[in-house]
Amino acid sequence: MPSIGQVKKKIPVEFINNLYSLFSPGIADRVLIGIGEERVTTLRVNNIKYDINSLMEYFNRINVKFERVEWYRDALIIKNAKEKDIRKLPIYCEGMIYLQSLSSMIPPLVLKPEKGDKILDLTAAPGSKTTQIASIIENDGFILANEVDKIRAERLKYNILLQQALSAEVHVENGILIGDKYPEYFDKVLLDAPCSGEGRFTLEDARTYKNWSIREVKRLSKLQKKLFESAYKALKKGGIMVYSTCTLNRQENEEVIHWAAQRFDFQILNIEVNLPGTVPGFSIEDNMSIKRAVRILPSKVMEGFFICKLKKL
Ligand SMILES: C[S@@+](CC[C@H](N)C(=O)[O-])C[C@H]1O[C@@H](n2cnc3c(N)ncnc32)[C@H](O)[C@@H]1O
């Protein structure tokens, strides 16, 4: 495993400086160790086509070793196979399972979709969370899965079809406009925002960090605020929204929430999923409730993520 010094040599220096100014040295070191580690292969079963018991029996038969995930019945950590091996299996080709990082499975669990819900997934491609939501509600409900990028929207449609997530309808438009089109229409809204991806940095793959810049963080923070406003408008009063990113900095996380709290009426809720190794959000000025948000630190099993759950008042 690479040392912290080796990680520091490769990752953008401004990112490292930000990290040590945001977190205690112990936590910042943990993040860098996480960036240096090789991530395990994880997946979830698609309840629309298959079930976890049959999947475990199948893996036992073909000698794929796995571990259960304490906080999610449908997820498995694969011990002796890589993603490329799993992609060759018929159950993968037929959409009975979905390769997804464990952290990425958390926002839909926190959103807690229920049968019959009308759900907006505002920035949805490639559809990991859209198809997960459809799997949780077993297609009993309606999901508007929106994506601005036409090519990514094709991938979203492909995944929805393969997984038979037929409760999801794909829209291809700027998410900023959806709030005015569907005012107070949805019971639940997921804003898994476009972000600078710091939680997905991995030393193995320079593509994950080479385009990172402070300028990009600032641009994304502005976009996230606009998307937040649209998501909030589309949510019914009393409805639940989850804001998530796979990045670690404050500008794209707490500052977006704080900006929104100054303009819109909502309550930040506790995250009820019992997750190991999270750190609470940072309060901003007198807004202590942002501490109810959680940050997942990157590690061998998890990508870095930020998740905030709120209720529109
Ligand atoms: C973090 S990814 C979403 C991942 C997705 N939720 C999943 O789990 O598969 C963010 C997505 O937002 C899209 N996006 C960026 N700007 C957008 C906008 N203004 N409106 C809608 N989607 C946007 C990006 O193209 C990207 O596909």
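Reader: What makes β2 and β3 a pair, and in which sense do they pair?

Author: β2 and strand β3 (residues 72-78) are joined over 4 bridges, in the antiparallel sense. Two strands pair if DSSP finds at least two bridges between them. The 4 bridges meet that cut-off, so β2 and β3 count as a pair. Within the pairing, R68 stands opposite L76 in β3.

Reader: What kind of model is this, and which residues count?

Author: The model is predicted: local features need pLDDT of at least 70, side-chain atom pairs need pLDDT 80 or more, and totals for chains, interfaces and linings use all residues. Numbering starts from 1 along each chain as its sequence is written, and side-chain values use heavy atoms, with hydrogens and water left out.

Reader: What is the strand order of the open sheet?

Author: The open sheet has 4 strands in the order β2-β3-β1-β4, with antiparallel pairing. Strands here are DSSP runs of E with at least two residues; helices are runs of H or I with at least four; both are numbered from the N terminus.

Reader: What makes β2 and β4 edge strands?

Author: β2 (66-69) and β4 (97-99) each pair on one side only. Neighbouring strands of this sheet are turned by 30 degrees against each other on average, direction ignored. Axes are lines fitted to C-alpha atoms, for helices over the stretch in contact; angles run from 0 to 180 degrees between N-to-C directions.

Reader: How do you know which helix packs on the sheet?

Author: Helix α4 (residues 52-61) touches β1 (41-45), β2, β3 and β4. Contact means heavy atoms within 4.5 Å. The direction of α4 makes about 20 degrees with that of β3. Helix α8 (residues 128-136) lies across β1, β3 and β4, at about 40 degrees to β1.

Reader: Which parts do the buried residues of α3 pack against?

Author: They pack against α1 (4-10), α2 (13-22) and β11 (278-280). Among the buried residues of α3 are I27, V31, L32 and I35.

Reader: Why is C246 called buried?

Author: Buried means under 20% relative accessible area, exposed means over 50%, and partly exposed lies in between (1.4 Å probe, protein chains only). C246 has 14%, so it is buried. It sits in the loop between β9 (235-245) and α12 (254-261). Leaving aside neighbours within four places in sequence, C246 is in contact with C195, G197, E198, G199, R200, G304 and F305.

Reader: What does UniProt place at C246?

Author: An unreviewed UniProt entry places the feature "active site" there. UniProt positions follow the numbering used here, feature names are shortened, and annotations may be inferred rather than shown by experiment.

Reader: What makes E147 buried, and what does its side chain reach?

Author: E147 has a relative accessible area of 8%, which makes it buried. Its place is the loop between β6 (142-146) and α9 (150-162). The side chain of E147 reaches the backbone nitrogen of A125 at 3.2 Å.

Reader: Why does the link between D192 and K129 count as a polar contact?

Author: A polar contact is a pair of N or O atoms within 3.5 Å; within protein, one must be able to donate a hydrogen and the other to accept it, and residues adjacent in sequence count only if both atoms are side-chain atoms. The side chains of D192 and K129 are joined at 2.7 Å, so the distance passes. D192 lies in strand β8 (residues 186-192) and is buried at 17%.

Reader: Which peptide bond is cis?

Author: The bond from A125 to P126 is cis, with omega near 5 degrees. P126 is in the loop between β5 (118-121) and α8.
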